[in-house]
Amino acid sequence: MTNLSGKCMCGAVTWSSAGPVTRRLSCHCDDCQKATSSPFTTFVGLAPDTVTWTGDINHFESSPDSHRGFCPECGTRLYFRSAKWPGEIHIHAATLNEQADYAPDAHVKLEDGVAWLRLSDDIPKHQSFQATPKTGLSEG
């Protein structure tokens, strides 16, 4: 079990989890780029039933059956959840209270990556997803 917690920029939304981490990844897909206005975003995957939230969260359906949560006060992106990854919620690692204790173990969707970014870390790099998403749903 891992004890993790985090919050948005203004502190109106907080989260905590005592469950196991299911993924630690940096996603370079087109949808994540657009959703975060950055070349990639880094997530910590958790089972949704292990996460406790406080505060109001707004949601945006970025593709069918895929939702992104954000703080309505400051706009901080909080998580990505999709029917493609049943049983997981991908919380933005930048919201962690203790970011020094976190490191991704994979870069995924480099096929969508921006041409100017050069990754020099030794973290494994994948052109697509590490695990195949549930079929019939769009990526992102």
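**Group meeting: cores, strands and a cavity**

At 5% relative accessibility, threonine 95 counts as buried. I start there. This is a predicted model, by the way. Threonine 95 sits in the loop between β9 and β10. What does threonine 95 touch, not counting residues up to four places away in sequence? The contacts are Ser5, Gly6, Lys7, Trp15, Thr76, Arg77 and Leu78. Now a distance. Between threonine 95 and arginine 118 there are 24 Å in space, C-alpha to C-alpha, and the two are 23 residues apart in sequence.

Threonine 76 belongs to the loop between β7 (66-70) and β8. Is threonine 76 buried or exposed? Buried, because its relative accessible area is 17% and the cut-off for buried is under 20%. Beyond four places in sequence, threonine 76 is in contact with Cys8, Met9, Gly69, Phe70, Cys71 and Thr95. From threonine 76 to alanine 94 the C-alpha distance is 9.6 Å, with 18 residues of separation in sequence.

Next, tryptophan 15, another contact of threonine 95. Setting aside residues up to four places away in sequence, tryptophan 15 touches Leu4, Ser5, Gly6, Lys7, Leu46, Val51, Thr52, Trp53, Ile91, Thr95 and Leu96. Which residues have the most contacts inside the largest nonpolar core? Trp15, Leu46 and Ile91, in a core of 16 residues. Elements giving two or more residues to this core are β4 (41-46), β8 (77-82) and β9 (89-92). A general remark: in soluble globular proteins, nonpolar side chains tend to be buried together.

On to the strands. β1 covers residues 4-7, and its side chains alternate. Leu4 and Gly6 point to one face and are buried. β1 runs antiparallel to strand β2 (residues 14-17), and 4 bridges join them. Opposite lysine 7 stands threonine 14 in β2. The hairpin of β1 and β2 has 6 residues between the strands. In that hairpin, glycine 11 takes a positive phi near 85°.

Now β3. How many bridges pair β3 with β4? There are 6, in the antiparallel sense. Cysteine 27 stands opposite threonine 41 in β4. β3 also pairs with strand β10 (residues 106-108), this time in the parallel sense, over 3 bridges. Here leucine 25 has alanine 106 as its bridge partner in β10.

The structure holds 1 cavity of 30 Å³ or more. About 120 Å³ of space lies in the largest cavity. Its lining has 13 residues, and the closest to its centre are Leu25, Cys27, Trp85, His90 and Phe129. Which strand gives the most to the lining? Strand β3 (residues 21-27), with 3 residues. By type, the lining residues divide into 8 nonpolar, 3 polar and 2 charged.

Backbone angles next. Most residues other than glycine have a negative phi. Serine 37 has a positive phi, near 55°. Serine 37 is in the loop between α1 (30-36) and β4. Serine 37 is exposed, because its relative accessible area is 71% and exposed means over 50%. Lysine 109 has a positive phi too, near 60°. Where does lysine 109 lie? In the segment after β10. Lysine 109 is buried, with a relative accessible area of 1%.

One more residue, histidine 59, in strand β6 (residues 58-63). Histidine 59 is partly exposed, at a relative accessible area of 47%. Leaving out neighbours within four places in sequence, histidine 59 is in contact with Arg68, Gly69, Phe70 and Tyr79. Gly69 and Phe70 are also among the contacts of threonine 76. Finally, histidine 59 and valine 21 are 23 Å apart in space, C-alpha to C-alpha, and 38 residues apart in sequence.

How values were computed: Residues are numbered from 1 along each chain as its sequence is written. This is a predicted model: local features need pLDDT of at least 70, side-chain atom pairs count only at pLDDT 80 or more; totals for chains, interfaces and linings use all residues. Side-chain values use heavy atoms; hydrogens and water are left out. On a 1 Å grid over the protein atoms alone, a cavity is a set of points where a 1.4 Å probe fits but cannot get out, and a pocket is an open set with protein on both sides within 12 Å along at least five of seven lines; lining residues have an atom within 4 Å of a point. Grid points are joined across faces, edges and corners, and a volume is the space filled by probe spheres set on the points. Ala, Val, Leu, Ile, Met, Phe, Trp, Tyr, Cys and Pro count as nonpolar, Asp, Glu, Lys and Arg as charged, and the others, Gly among them, as polar. A nonpolar core is a set of buried Ala, Val, Leu, Ile, Met, Phe, Trp, Tyr and Cys residues joined through side-chain atoms within 4.5 Å. Buried means under 20% relative accessible area, exposed over 50%, partly exposed in between (1.4 Å probe, protein chains only). Contact means heavy atoms within 4.5 Å. Two strands pair if DSSP finds at least two bridges between them.
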